[in-house]
Amino acid sequence: MIKSKYKSYKRDYPSLPWIMKQTWIDNLFIHYPVKKEVLQKLVPTSLKVDTYDGFGWVSVVPYIFTDMRGRGLPPLPGIKEYPGFNIRTYVMVNDKPGVFFFYLAAANWFAAKCAKTFFGLPYFFEPLKMERHDESVFFEGKMSKGQFNCQYHPISTPYMTSAGSLDEWLLERYCLYTINKQGKPLQCNILHPSWIVFDGEAKIQENILRRNFNIVPESEKPILHVAKRADVRIWPLVKGE
């Protein structure tokens, strides 16, 4: 774990009630360093690329959704469990850290449509597949933005991120940003317990970043985190602070 001078950010508890909860399981985080100047050209001008020791970062994240439900409601019918996938970077709005998504995919049409409609996210229904074999997870995505296949598993004992570390900076983010039609930032707060992660090992068959998003990492050897589970609460979309 790389340590730096950067402070840990406090999680905010919004005054509005949360509206949805879901669980993410079998998460893989594939983190690549990318020059800040490259990323700033790719994100909306109202968002500022966040950096760690001078570099921006982009993460590729396959995982599984389960137990999606509205507040006080039973699980949504037909959405018991399905794979998801996203490509994200790290941004700030008025000193509040969050994530910005270049692309999100879900193997459930209804979930992708709702997320795109109500949260303004670049969500797509795609034919994703995930299978578990003992400790290994196999992900296959033949997506409109390109194919991405990988096999991954944990290789360490579980740990929580250290305050000020790059691990914490990458993982402990409790806000996502998008923009409205006028280009102004909109914010969606999320909350879950601090990540318990493992160092990961993965066989990655395709670098989707370079071919389909014109993002050239500074290193072809990513940092990998595997996380078994996160129980997540989600707040409504509001104006960026």
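1. In which sense, parallel or antiparallel, do β5 and strand β6 (residues 123-125) pair? The answer is parallel, and 3 bridges hold the pairing. To find the place, look for L104, which stands opposite Y123 in β6.

2. Before going further, please keep in mind that this is a predicted model. The chain has an average pLDDT of 90, and 94% of the residues score at least 70. Confidence in the chain is highest in β2, at 98, and lowest in helix α4 (residues 208-213), where the mean is 81. Do treat residues 1-8 with care: their pLDDT is below 50, although in the model this stretch has 21 contacts beyond near neighbours in sequence.

3. Let us stay with β5, which covers residues 96-106. All 11 of its 11 residues are buried, so the strand is largely enclosed by the rest of the structure.

4. β4 and β5 run antiparallel and are joined by 10 bridges. Two places to check are V91, opposite G98 in β5, and I87, whose bridge partner in β5 is Y103. The hairpin of these strands has 2 residues between them, and N94 takes a positive phi near 50° there.

5. What else pairs with β4? Strand β3 (residues 55-70) runs antiparallel to β4, with 9 bridges joining them, and V61 stands opposite N86. Strand β2 (residues 48-49) also pairs with β4 in the antiparallel sense, over 2 bridges. V49 of this pairing has V91 as its bridge partner in β4, and V91 is the residue that stands opposite G98 in β5.

6. In soluble globular proteins, nonpolar side chains tend to be buried together. The largest core here has 37 residues, and V58, F85, I87, F102, M143 and F148 touch the most other members. Strand β1 (residues 20-35) gives the largest share of this core, 5 residues. Another core lies apart from it, with 36 residues, including M68, L104, L170 and C188.

7. F148 deserves a look of its own. Setting aside neighbours within four places in sequence, its contacts include I30, V60, F85, F139, M143, I204 and I208. E140 and E206 are among its contacts as well.

8. How many aromatic pairs does the structure hold? There are 14. In one of them, the rings of F100 and F102 have centres 5.7 Å apart and planes at 90°, so the pair is edge-to-face. F100 is buried at a relative accessible area of 12%, and F102 is buried at 15%. Elsewhere, W24, F29, Y63, F65, Y82 and W195 form one aromatic cluster.

9. The charged end of K116 sits over the ring of F124, 4.4 Å from its centre. Likewise, K228 places its charged end over the ring of F198, with 5.7 Å to the ring centre.

Key
Residues are numbered from 1 along each chain as its sequence is written. This is a predicted model: local features need pLDDT of at least 70, side-chain atom pairs count only at pLDDT 80 or more; totals for chains, interfaces and linings use all residues. Side-chain values use heavy atoms; hydrogens and water are left out. Rings of Phe, Tyr and Trp (its six-membered ring) pair if their centres lie within 6.5 Å; planes under 30 degrees apart count as stacked, over 60 as edge-to-face and the rest as tilted. Buried means under 20% relative accessible area, exposed over 50%, partly exposed in between (1.4 Å probe, protein chains only). A charge sits over a ring if NZ of Lys or CZ of Arg is within 6 Å of the ring centre and within 35 degrees of the ring normal. A nonpolar core is a set of buried Ala, Val, Leu, Ile, Met, Phe, Trp, Tyr and Cys residues joined through side-chain atoms within 4.5 Å. Helices (H or I, at least four residues) and strands (E, at least two) are DSSP runs, numbered from the N terminus. Contact means heavy atoms within 4.5 Å. Two strands pair if DSSP finds at least two bridges between them. pLDDT is the predictor's confidence in each residue, from 0 to 100.
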